[in-house]
Amino acid sequence: MKENETIAMDRVSVRFTSQGRVVPALDDITTTFRLSELVSVVGESGAGKTTLGRALLGLAKPDSGAVMFRGRNIHRLGKREMKDFRKHVQVVFQDPYDVMNPKHVVLDYLSMPLRFISGVSSRADLRSSCSGLLDQVGLEREFLSKYPHQLSGGQKQRIAIARALATEPDFIVADEPTSMLDASAAAGILNLLRKLAAKRGMGYMIITHNMGVAAYASDRIVVMYSGKVVEDSAADDIVNAPRHPYTSVLISHAPLSQRSERKLLAERDGSDADPDATDPWKLSGCRYFARCPRGTEECRKVFPALSTVPGGGSVACWNPLVNDDGSRVS
Amino acid sequence: MKIRESKLERLFRTESGTDTFLKKLLMSRGGMTGLIILCALAVISLLSSVIAPYSPYAIIAKPYLSPSSVHLFGTDGLGRDIFSQMIYGTSLSLEIGFVSAIGITTIGTLVGIVSGYVGSYVDEVLMRFVDVMLVIPSIAFMIFVSTIMGPGVISVLTVIIVFGWPPMSRMVRSQVLSLKKRGFVESAVVSNSTKPFILFRMILPNITSLILANALLAVIYAIIADASLAFIGLASTTSYSWGTVLYNAQVEGAIYHNGILWITLPGLAIAVTGIAMTLLARAFGDITDPRYSTEGR
Amino acid sequence: MATTIADIRGLSVTFPSKKGTVRAVDAVDLSIEEGSIFGIAGESGCGKTTIGLSLLGMIREPGSVEGTIAVNGKDVTSLRGEERRLFRWKEVSMVFQGAMNSLNPVSSVGEQITEVIIDHTGGTRKEAMNRAADLLRKVRLPSDILRRYPHQLSGGQKQRVVIAMAIALSPKLIIADEPTTALDVVSQEHILRLLKEVVKASGSTVVIISHDLSLIADMCDRLAVMYLGRIVESGRAQDVLSSPAHPYTRALIDSNITLDKRGKKVESIPGYPPSPINLPSNCRFSGRCPFATNECFDSEPPASTLEDGRVVYCYHPRHGNEGK
């Protein structure tokens with residue numbers, strides 16, 4: 001039964017006011033995540049991927065639309081229902097260096113969800129549960145009495161994951177779990193998440209700007225641009241045959257093991273103009289139009305809706321890079 | 001063997017190191033100097049009856065004597081010993097300083113925390129009120145209030161506290177707001193922590209040192225405010241603070257009688273106290289997180 | 001033959017701490033050719049940033065520097081006061097880690113760039129302003145950015161401004177410490193491409209310090225891999241990255257998550273580096289090395305030079321490549 005449970009976003013929009021302008025961080029997003037799913041949300045900074053995660057967790061309140069879990073809008077839950085939701089859905093925040101109170105030790109940190117969600121109260125029980133959690137993330141129990149400044153970034157991130165695991169959740173949202181870490185520590189963290197997911201039948205959502213991380217850790221990839229989902233498909237399809245021109249840019253920018261001159265010689269996203277300077281909010285049509293080498297008059301005028309393609313997955317593009325019969329556009 | 005830290009030490013634990021707060025304070029030159037001055041002042045005020053050769057009220061010599069070995073700072077118009085007045089004044093000035101600081105800090109912290117943490121309309125109402133308090137010309141209003149209440153220590157304290165807390169609450173509020181966005185507070189939120197837990201275990205410990213540093217500055221603010229009120233004749237004339245000495249010096253035309261010392265002494269004492277408080281507050285700030293002032297993620 | 005722009009001999013940098021002396025950099029030799037892009041790679045805490053700061057003469061008390069650092073023929077360690085101030089920016093400049101936050105929030109971009117120019121070269125404000133506009137063109141920013149303040153710019157734009165400042169006085173050497181870590185992949189590439197272009201155009205030498213091997217692979221001609229204050233392998237970037245000789249380099253490359261690793265298992269390096277206090281006298285990587293033998297645990301391996309000119313400090317170089 002658990003495998004089929006979902007969190008669904010129904011026409012969710014979140015708006016922020018920035019420098020006097022209203023900017024939609026999430027613009028009319030409708031999508032469903034199975035709790036057992038290994039999914040990544042990919043996009044550059046400002047694409048709205050962090051807001052998507054926060055809306056899903058009940059931390060960013062939608063201006064319109066609903067996030068549904070077990071038939072209830074999670075932004076309208078009472079105290080007890082919220083506690084139940086937090087038990088099932090947990091989070092690992094982006095910045096491991098800021099995730100622990102500088103005045104608390106690891107035991108204090110890991111005790112929070114046990115005390116406030118699982119209802120563990122005796123010191124002995126807390127201590128033994130917390131050492132169990134440390135064990136799951138590959139750290140010795142000596143870490144219980146350490147302060148954050150005594151830990152490396154990778155160790156802090158492991159401890160953040162341990163906190164998220166405390167309630168034995170079904171789904172974990174991890175916002176850029178590796179972006180602040182060294183390569184080796186990053187690999188350790190992703191391997192840990194994969195291992196835990198396989199062992200416990202848990203799903204996760206990894207929010208990242210790095211297509212390499214997404215491809216390594218997930219089965220499904222959601223690509224976001226300017227608050228919109230532009231492509232949502234199986235990871236294999238995204239990596240091997242991206243449909244949206246933006247997806248292909250992210251793929252071509254993803255790190256490869258071997259030295260590759262092509263990346264620095266050829267500009268493939270069609271914009272020699274500074275991408276930071278283009279303002280997608282002024283456009284009525286496709287947000288990606290200003291940077292897209294395949295843009296047409298239609299793209300400029302009308303935003304392409306996210307629509308399903310044969311063979312699974314969906315894309316929001318008038319001129320996708322893969323034809324409906326599966327052949328690639330040259 | 002590891003010695004367990006006391007609760008107090010843990011509260012003051014700094015982000016950068018494992019040294020206890022006190023040790024770090026003693027190691028910093030400024031903090032040490034401030035602490036020595038403060039201790040000296042405390043000793044003077046505690047032992048004022050022993051140190052002062054005469055009662056501040058007793059008429060013991062001719063009026064307007066110049067400083068001499070018998071009367072270190074000379075005598076006033078009634079023939080009372082100015083040195084003894086200064087010694088007794090230390091006691092009252094420090095009392096006013098610390099009592100006001102406690103009042104200012106308590107109200108300021110409370111309002112700041114409630115405003116920053118609860119947010120929405122509560123924040124709106126409280127901060128508009130603070131804005132109003134901040135634009136009222138405080139000295140003028142102080143004069144008004146103490147005229148109504150009549151001169152005396154109680155009215156001085158009331159006036160100082162009423163006008164002292166608003167800036168403090170602003171500062172606390174902005175700290176609470178920036179802490180609310182920090183990852184560790186959000187971690188507590190998604191762990192379903194209770195509001196008191198977040199407030200007392202997450203937010204408060206991270207602003208304690210900042211509040212204390214500002215409380216020290218409030219002490220000197222209060223002493224100066226007391227002196228200002230005294231100078232314009234609104235303090236109690238029956239008990240001696242440095243402000244009272246200054247007031248007497250002014251109304252009795254000290255400069256024409258026994259030189260500049262009488263009128264400069266209270267100012268000097270206030271300045272020295274001010275330096276001590278500032279040094280201590282600075283040391284507090286440096287020892288605890290130096291990023292406090294700039295953090296806003 | 002290219003000339004050497006920066007030459008480091010026997011550099012050790014130590015910092016006192018309560019638990020003992022931290023040797024952040026330990027007996028490092030390094031020489032960097034003029035006009036090249038040189039990479040220094042390694043995990044955090046390996047001493048790569050400290051080397052960058054040493055090249056700028058920016059190791060502050062209570063840190064202490066031993067050995068010699070020559071940049072453009074000048075002995076950096078003997079520079080003092082005004083001389084040292086002018087040396088920075090004009091001869092060596094730096095793009096810091098998280099440099100986008102190093103801009104002054106209360107002055108405009110134009111003021112900040114012209115201040116550096118006027119301070120070091122004199123001249124009028126007008127000349128400096130023209131030069132600043134010219135620099136912004138070079139980093140492909142519109143000239144109206146000059147009037148804007150840092151908070152009005154995106155991360156990528158700020159990083160471009162910082163690069164413009166770094167090249168403002170045409171320094172011989174630019175040190176870029178994790179120049180793109182805070183940016184997302186697309187902006188990263190724009191910045192890197194820009195850095196490469198700018199270097200080619202000006203003939204400056206660039207040292208890129210990063211933990212990201214794919215970045216170094218794309219950018220650098222030569223590289224040095226550091227571990228716990230020591231260089232473990234150095235040579236041409238292509239050689240080192242395509243056939244690493246030191247097991248640590250191999251492990252670092254293998255642990256890098258890249259697009260082509262989908263469906264494979266990426267191994268992280270087991271364990272943690274030992275403390276930089278009381279450094280071991282054996283091979284520093286021995287405790288985490290899968291190929292370590294008794295020899296490795298007993299004494300520190302000497303430098304050996306491979307046929308392609310690479311220098312590697314290992315008793316069993318290339319061990320990890322067999323069968324790959």
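B:Leu47 is partly exposed in this predicted model, because its relative accessible area is 40%, a value between the 20% limit for buried and the 50% limit for exposed. The residue sits in the loop that runs between H3 and H4 of chain B. Two helices of chain B, H3 (29-46) and H4 (48-51), each contribute at least two residues to the nonpolar patch.

Elsewhere in chain B, helix H11 (residues 242-251) is mostly covered, with 7 of its 10 residues buried. The buried positions of H11(B) are B:Trp242, B:Gly243, B:Thr244, B:Val245, B:Leu246, B:Asn248 and B:Ala249. After H11(B) comes B:Gly253, which has a positive phi, near 60°.

Positive charge gathers on the surface where A:Arg115, A:Arg123, A:Arg127, A:Arg141 and B:Arg201 come together. One of these, A:Arg127, belongs to helix H4 (residues 123-136) of chain A. A:Arg127 counts as partly exposed because its relative accessibility is 39%.

Chain A as a whole contains 11 helices and 12 strands. It has 330 residues, and 60% of them count as buried. Among contacts in chain A with a separation of 6 or more, 62% are between residues 24 or more positions apart. The chain exposes about 13,100 Å², of which 48% is supplied by carbon and sulfur atoms.

The next topic is charge pairing. Side chains of opposite charge can pair when their charged atoms come close. Over all chains, the count of salt bridges comes to 37. In chain A, the side chains of A:Arg220 and A:Glu37 form a salt bridge, with a distance of 2.9 Å from N to O. A:Arg220 is in strand S9 (residues 220-225) of chain A, and A:Glu37 is in the loop between strand S2 (21-34) and strand S3 (38-42), so the pair ties together parts that are 183 residues apart in sequence. Both A:Arg220 and A:Glu37 are buried.

Chain C also has salt bridges. C:Arg310 pairs with C:Glu233, and their closest N and O atoms are 2.8 Å apart. This pair links distant parts of the chain, 77 residues apart: C:Arg310 is in the loop between strand S11 (303-305) and strand S12 (311-313) of chain C, while C:Glu233 is in strand S10 (residues 230-236). C:Arg310 and C:Glu233 are both buried.

Another salt bridge in chain C joins C:Asp26 to C:Arg23, with 3.1 Å between the closest N and O atoms. C:Asp26 counts as buried because its relative accessible area is 8%, whereas C:Arg23 is partly exposed at 27% relative accessibility. C:Asp26 and C:Arg23 belong to a network of salt bridges that also links C:Arg230, C:Arg284 and C:Glu300.

C:Ser214 is located in helix H7 (residues 213-219) of chain C. Its relative accessibility is 7%, so C:Ser214 counts as buried. With neighbours within four places in sequence left aside, C:Ser214 is in contact with A:Pro255 and A:Leu256 of chain A and with C:Asn256 of chain C.

Terms used
Residues are numbered from 1 along each chain as its sequence is written. Chains are lettered from A and ligands numbered from 1 in the order in which they are written. This is a predicted model: local features need pLDDT of at least 70, side-chain atom pairs count only at pLDDT 80 or more; totals for chains, interfaces and linings use all residues. Side-chain values use heavy atoms; hydrogens and water are left out. Patches are made of residues with over 30% relative accessible area and no salt bridge: like charges are joined within 9 Å, nonpolar side chains (Val, Leu, Ile, Met, Phe, Trp, Tyr) within 5 Å. Accessible areas come from the Shrake-Rupley method with a 1.4 Å probe; for residues, only the protein chains shown count as cover. A salt bridge is a side-chain nitrogen of Lys or Arg within 4 Å of a carboxyl oxygen of Asp or Glu. Lys and Arg count as positive and Asp and Glu as negative; His and the chain ends are not counted. The place of a charge is taken as NZ of Lys, CZ of Arg, CG of Asp or CD of Glu. Helices (H or I, at least four residues) and strands (E, at least two) are DSSP runs, numbered from the N terminus. Buried means under 20% relative accessible area, exposed over 50%, partly exposed in between (1.4 Å probe, protein chains only). Contact means heavy atoms within 4.5 Å.
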